[in-house]
Amino acid sequence: MTFHMTTDRRTPRPEDDRARTMTTITRRGVPASLAALLLGLAACGDAEAGDPTPSADPASGAGGFTRIINVETTEVAFEDFLEQIRLTGVVEASRDVVVSAEESGTIVETSVEKGDRVRAGQALMRIDDRVLTSQVDQARAAAELARETWQRRKRLWEEDQVGSELAYLEARFSSEQADANLRALEERLARTVIRAPVEGVVEDRMVETGTLVSPGTPVARVLDVNPVKIAVGVPERYAPDVTVGAPATVSFDVLPDANAEATVNFVGAAVDPRNRTFPVELRLPNSGGQIKPEMVANVTIQRFRIPDAVVVPQDAVVRVAD
């Protein structure tokens, strides 16, 4: 027999090779059974070479593959459901006071250093008081003289009707004026000792011995850090949900062991137009002093609570486009 070959310019495919092999074998007189055996071997070779086409229908389960998906189940039960608002806050001292001088003069004594813990009313510094001391002594003498004059004028006028009523009134008001002047100077003298207005820690001392100060000059900063305040800005959409007394939790990234329960103790009455939030404050005990002002705090405020709700894990919810 004579065969004429034609050239196929398409990219050869494995199935074309198998068909061509079978045709050639059949035309040369090879038995059909042997042709079928060779075709099967060729198919196995294609499968080993990475042919992704399965040899059988996967659904039939005969000679195919089975896709196994691992799933996890959990029992659904009734429990309380909490809707929470997660926010970021900043730690603040419960009281942050800058102490200033109230009299003019030179600092002649400093009683505290940075980091010292002080009581309310404890002396921090003392201003030179020699001039005021002499003025107080002078005013005290003047007040005693005025008081004695008033007592004598009073007896003469009320008992013996000696003198005039005008002299009687002048002596009375002069005594009162002298007493008032003495009290004012004594108060100024007391203010030459600069005292801590609150209990806390001396965070900074701005002056040293020998510094000349005047009324209003900052001399020290005292912080009360037990308890501390957590200041949070809450978006205005939560305004109906956040109220005084709402339960909350506070945690810190830098202090894993400082997680604590708290309650909202202040809710602002106005919304900040710059960021559309309203201020909220919480108080947190800080006896150990680990929580520092200006630390970042993670705050979770309870928005509402639904008792006996059917709750499923959030990871089990799949969101789709519709």
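1. A word on terms before the charged pairs: a salt bridge here is a side-chain nitrogen of Lys or Arg within 4 Å of a carboxyl oxygen of Asp or Glu. Arg 276 and Glu 236 meet that rule, with their side chains at 3.1 Å, N to O. Arg 276 sits in the loop between S10 and S11, while Glu 236 sits in the loop between S8 and strand S9 (247–251), so this pair ties together parts that are 40 residues apart in sequence. Please keep in mind throughout that this is a predicted model.

2. How exposed are the two partners, Arg 276 and Glu 236? Arg 276 is partly exposed, at a relative accessible area of 41%, and Glu 236 is partly exposed too, at 37%. The count for the structure comes to 21 salt bridges, and a few others are worth a look.

3. Glu 186 and Arg 140 form one of these, with 3.2 Å from N to O. The pair links distant parts of the chain, with Glu 186 in helix H4 and Arg 140 in helix H3, 46 residues apart. Glu 186 has a relative accessible area of 31% and counts as partly exposed; Arg 140 is partly exposed as well, at 31%.

4. Arg 191 and Glu 187 make another salt bridge, their closest N and O atoms being 3.2 Å apart. Arg 191 is partly exposed at 34% relative accessibility, and Glu 187 is partly exposed at 41%. Which residues make up the network of salt bridges that includes this pair? Glu 102 is linked with Glu 187 and Arg 191 in it.

5. Trp 150 and Tyr 168 are tilted, at 5.2 Å centre to centre and 50° between the planes. Trp 150 belongs to helix H3 (residues 130–160) and Tyr 168 to helix H4 (residues 165–190), 18 residues apart. Both Trp 150 and Tyr 168 are buried.

6. Now for the strands, which can be followed from partner to partner. S3 (residues 117–118) pairs with S6 (residues 200–205) in the antiparallel sense over two bridges, and Val 118 has Gly 200 as its bridge partner. S6 in turn pairs antiparallel with S8 (residues 218–235) over four bridges, with Arg 205 opposite Ala 220.

7. S8 also pairs with S11 (residues 277–284), antiparallel and over eight bridges; here Val 228 stands opposite Leu 284. S11 is joined to S10 (residues 260–267) by three bridges, again antiparallel, and Val 264 has Leu 282 as its bridge partner.

8. Beyond its neighbours within four places in sequence, Val 90 contacts Lys 229, Ile 230, Ala 231, Glu 294 and Met 295. Val 90 and Ala 231 are 141 residues apart in sequence, yet 5.4 Å apart in space, C-alpha to C-alpha. With a relative accessible area of 32%, Val 90 is partly exposed.

9. Lastly, the surface. Val 76, Phe 78, Val 310, Val 312 and Val 317 form a nonpolar patch there, with about 490 Å² of accessible area together. Val 310, in strand S12 (residues 296–310), is exposed, with a relative accessible area of 56%.

Note on methods:
Residues are numbered from 1 along each chain as its sequence is written. This is a predicted model: local features need pLDDT of at least 70, side-chain atom pairs count only at pLDDT 80 or more; totals for chains, interfaces and linings use all residues. Side-chain values use heavy atoms; hydrogens and water are left out. Rings of Phe, Tyr and Trp (its six-membered ring) pair if their centres lie within 6.5 Å; planes under 30 degrees apart count as stacked, over 60 as edge-to-face and the rest as tilted. Buried means under 20% relative accessible area, exposed over 50%, partly exposed in between (1.4 Å probe, protein chains only). Contact means heavy atoms within 4.5 Å. Patches are made of residues with over 30% relative accessible area and no salt bridge: like charges are joined within 9 Å, nonpolar side chains (Val, Leu, Ile, Met, Phe, Trp, Tyr) within 5 Å. Accessible areas come from the Shrake-Rupley method with a 1.4 Å probe; for residues, only the protein chains shown count as cover. Two strands pair if DSSP finds at least two bridges between them.
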